[in-house]
Amino acid sequence: MKRYGNKAKRIVKAAALLFMFAAIRPFAYAETYIVGAQNIEYYPFYNFSSKHEKGLGWAILEAFSKQSGHRFIYLSMPVKRLQIELKKGNVDFVFPDNPRWHDQVTQSFNKVYSEPLTETFAVTLVKTNNLGRGVEHISTLATPDGFSPVKWESQIRAGTVEVVGVNSIYGGLTLLQDNEVDAIDVEYNAARYFIRQFPQMGQFSADLTLPHNTVSFSLSTLKYPNIIAELNAFLLSQSEAVDKIKAEYGIENTQHLINRLMQEQGVSEDTRWAPM
């Protein structure tokens, strides 16, 4: 009778462990997926070419991976190849992506986007001593390859602003430092990261009297809307954990950042740039 009792206890214990495991791993089917990622150093948001620290987007996806059990393999590739490889089925997901970005390759397909993993703040960076001079004083604008300066579209169409493509944020900052361009269209936090890395460069500021906007970074797919749904549920249920990850990467709330910059620059809502 004693041996039977011990066996029953082991069965109950095993069942309890299985129940705990199911609670920790709420998604029934864990798979391995390939994420096609931009091969641009856009830290702190992403740098998928790095063998170690890959940035905020990676950190959030890895947190989701731990909870869901899904494994992600990241392939860093040129921006123009991402949607092509997604269409071919060589990658399962693309990061970053945004439904507002112009994409001729997959626009006719039913592509599914996740809720934003993070919000970015795209600004016009100028030398600090050129703050507040106005749009009419910008004739050359550096832009990292793979990004479109849509905020400057009317000036570009009118021929008053020439776009100079650069293969890195550092390259754009160098052109700005050497007065070879008047400004650079860039994400605020990414630019700050490079400026801190190279303090010998001059003083640069995000001019809020010039074009700026917020841009969200999402994960996209053609084949796995169910995984996107799981990711959305994770972002909602684990919002505090996601905010903690953002804080670890020094990402400030965008509206707080805008308010702070307006105060520092003496910019009011009347003088702050607004789209036509």
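Me: Before turning to this predicted model, what does contact mean when residues are said to pack against one another?
Reply: Contact is a matter of distance between heavy atoms, and the packing described for this predicted model rests on that definition. Two residues are in contact when their heavy atoms lie within 4.5 Å.

Me: Which residues of α9 are buried, and why are they on the same side of α9?
Reply: Helix α9 covers residues 254-265, and its buried residues are Thr254, Leu257, Ile258, Leu261 and Met262. Because they cover an arc of only 130 degrees around the axis, they are on the same side of α9. The face turned away from that buried side carries the exposed residues His256, Gln263 and Glu264.

Me: Which residue caps the N-terminal end of α9?
Reply: Helix α9 has 12 residues and reaches 16 Å from its first C-alpha to its last, close to the 16 Å expected at 1.5 Å a residue. It is followed by Gly266, whose phi is positive, near 65 degrees. At the N-terminal end, a side-chain oxygen lies 3.1 Å from the backbone nitrogen of Gln255, and the residue that provides this oxygen, and so caps α9, is Asn253.

Me: Which elements are included in what covers the buried residues of α8?
Reply: In helix α8, which spans residues 239-248, the buried residues are Val242, Ile245 and Lys246. They lie on the same side of α8, because they cover an arc of only 100 degrees around the axis. On the other side, Glu240, Lys244, Ala247 and Glu248 are exposed. The cover over the buried residues includes α2 (56-68), β5 and α7 (225-237).

Me: Is Asp185 buried or exposed, and which side chain does a polar contact join to that of Asp185?
Reply: Asp185 lies in strand β8, residues 183-187, and its relative accessible area is 7%; because buried means under 20%, Asp185 counts as buried. Leaving aside neighbours within four places in sequence, Asp185 is in contact with several residues, including Val123, Leu141, Thr143 and Trp152. A polar contact of 2.6 Å joins the side chain of Asp185 to that of Lys151.

Key:
Residues numbered from 1 in each chain as written. Predicted model: local features only at pLDDT ≥ 70, side-chain atom pairs only at ≥ 80, totals over all residues. Heavy atoms only, no water. Helix = DSSP H or I, 4+ residues; strand = E, 2+ residues; numbered from the N terminus. Expected span 1.5 Å × (residues − 1). Buried < 20%, exposed > 50% of the residue type's maximum accessible area, 1.4 Å probe, protein only. Arc of directions from axis to C-beta. Polar contact = N/O pair within 3.5 Å; in protein donor to acceptor, adjacent residues only side chain to side chain.
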